[in-house]
Amino acid sequence: MAPLITNIYTADPSAHVFEGRVYIYPSHDRETDIQFNDNGDQYDMADYHVFSTESLDPAAPVVDHGVVLKTEDIPWVSKQLWAPDAATKNGKYYLYFPARDKEGIFRIGVAVGDRPEGPFTPDPEPIKGSYSIDPATFVDDDGEAYLYFGGLWGGQLQCYQKGNDVFDASWQGPKEPTGEGVPSLGARVAKLTDDMRQFAEEVRDVVILAPETGEPLLADDHDRRFFEAAWVHKYNGKYYFSYSTGDTHYLAYGVGDSPYGPFTYGGRILEPVLGWTTHHSIVEFQGRWWLFHHDCELSKGVDHLRSVKVKEIFYDKDGKIVTEKPE
């Protein structure tokens, strides 16, 4: 499968259908001399491009709308514009992005535009009470909007075990809870205010349940526990929460009856790709369902130089996500 975008390196694709086109909001990978480490310092992204296409036919052109936001435009940011997402509500478009603040702590910012391709004007401060990485928005059928976020290790999620407003620096780096019976750390979610620019409530945990026990997944269950890259979509009235398992390199998902969860683990969507990270989005377009993801094949395996790809996915009669069309 050829990359969707080849003029620059792109990763972490958040895809949405706006105005009848697919818009893709990825990270923009770039060359760096920073050595690889498990804190992710080599992922040194400094701006965002937006892409769009009117068709997911392999021959259809993908438009690069150019740089829509860059580090120096955002007063609170020091570095590392990591995986973004976008949403629309009330006729405006909102770009959500994580970055390190001047103290080196990840926060989530929002920038606002009149068009899906931007340009976007960032709010001067991050969202109050935001932390960690990988924001993903979901606007429900009733118009309520939610922001999911969180990532372990370099994403600093494990530094907030004492509360949403308590950053424990001793947990920085490639660390996470471990031990017999210890539950895994979940992603975070909060409803957004009507103007889409702040949390409307206290941030809460997203719990993924093991189907065999009905209990939360354990911290040492690295094949299934949440690591980063939250995404939510809705199918047949059910909420699907999908994510990366990080150091085991799977894309997995759970299903629930509420945007807050809990979500019961449902299986894998994608096996490991070339490259350490895996990050995705799922969108319906022209009556078919699509998984946007990335790998490092174009860069011949350089972990921080990734390329966005897309493949069709399906559901079986029980609503499970499958990669082959059911008979």
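Tutor: Start with residue classes: Ala, Val, Leu, Ile, Met, Phe, Trp, Tyr, Cys and Pro count as nonpolar, Asp, Glu, Lys and Arg as charged, and the others, Gly among them, as polar. The model is predicted: local features need pLDDT of at least 70, side-chain atom pairs count only at pLDDT 80 or more, and totals for chains, interfaces and linings use all residues. Residues are numbered from 1 along each chain as its sequence is written, and side-chain values use heavy atoms, with hydrogens and water left out.

Now the space. On a 1 Å grid over the protein atoms alone, a cavity is a set of points where a 1.4 Å probe fits but cannot get out. A pocket is an open set with protein on both sides within 12 Å along at least five of seven lines, and lining residues have an atom within 4 Å of a point. Grid points are joined across faces, edges and corners, and a volume is the space filled by probe spheres set on the points.

The whole structure holds 2 cavities of 30 Å³ or more. The largest cavity has a volume of about 280 Å³. Its lining counts 24 residues, with Tyr 43, Trp 82, Glu 228, Trp 276 and Thr 277 nearest the centre. By class, that lining splits into 10 nonpolar, 9 polar and 5 charged residues.

Residues lining the second largest cavity include Ser 14, Asp 134, Ala 229, Ala 230, Trp 231, His 279 and His 280. That lining has 7 nonpolar, 3 polar and 1 charged residue. Strand E15 gives the most to it, with 3 residues. Strands (E, at least two residues), like helices (H or I, at least four), are DSSP runs numbered from the N terminus.

Strand E15 (228-235) also reaches the largest pocket, supplying at least two residues of its lining, as do E1 (9-18), E6 (85-89), E10 (136-139) and E19 (281-285). The volume of the largest pocket is about 410 Å³. Among its 19 lining residues, His 16, Phe 138, Val 139, Val 232 and Val 283 come closest to its centre. The lining of the largest pocket comprises 12 nonpolar, 4 polar and 3 charged residues.

Next, the sheet that holds E15. Two strands pair if DSSP finds at least two bridges between them. Five strands make an open sheet of mixed pairing, in the order E14-E18-E17-E16-E15. E14 (208-209) and E15 stand at the edges with a single partner strand each, so one side of each has no neighbour in the sheet.

E15 and E16 pair antiparallel over 6 bridges. Val 232 stands opposite Phe 241 in E16. E16 (residues 238-244) also runs antiparallel to E17, again over 6 bridges. Here Tyr 240 has Val 255 of E17 as its bridge partner. The two strands form a hairpin with 6 residues between them, and Gly 246 in the turn has a positive phi of about 70°. His 249 is in the loop between E16 and E17. Its phi is also positive, about 70°, although His 249 is not a glycine.

E17 and E18 (residues 263-270) pair antiparallel over 5 bridges. Ala 252 has Arg 268 of E18 as its bridge partner. This hairpin has 6 residues between its strands, and Gly 261 takes a positive phi near 85°. The peptide bond joining Gly 261 and Pro 262 is cis, with omega about 0°.

How buried is E17? Buried means under 20% relative accessible area, exposed over 50%, partly exposed in between (1.4 Å probe, protein chains only). In E17 (residues 251-256), 5 of the 6 residues are buried, so the strand is largely enclosed by the rest of the structure.

Finally, the packing. A nonpolar core is a set of buried Ala, Val, Leu, Ile, Met, Phe, Trp, Tyr and Cys residues joined through side-chain atoms within 4.5 Å. In the largest core, of 58 residues, Tyr 96, Tyr 148 and Phe 241 touch the most other members. Strand E11 (residues 145-149) gives the most to this core, with 5 residues. Contact means heavy atoms within 4.5 Å. Beyond four places in sequence, the contacts of Phe 241 include Tyr 148, Ala 187, Phe 226, Val 232, Tyr 253 and Phe 263. A second, separate core has 18 residues, among them Val 68, Trp 76, Ala 86 and Phe 97.
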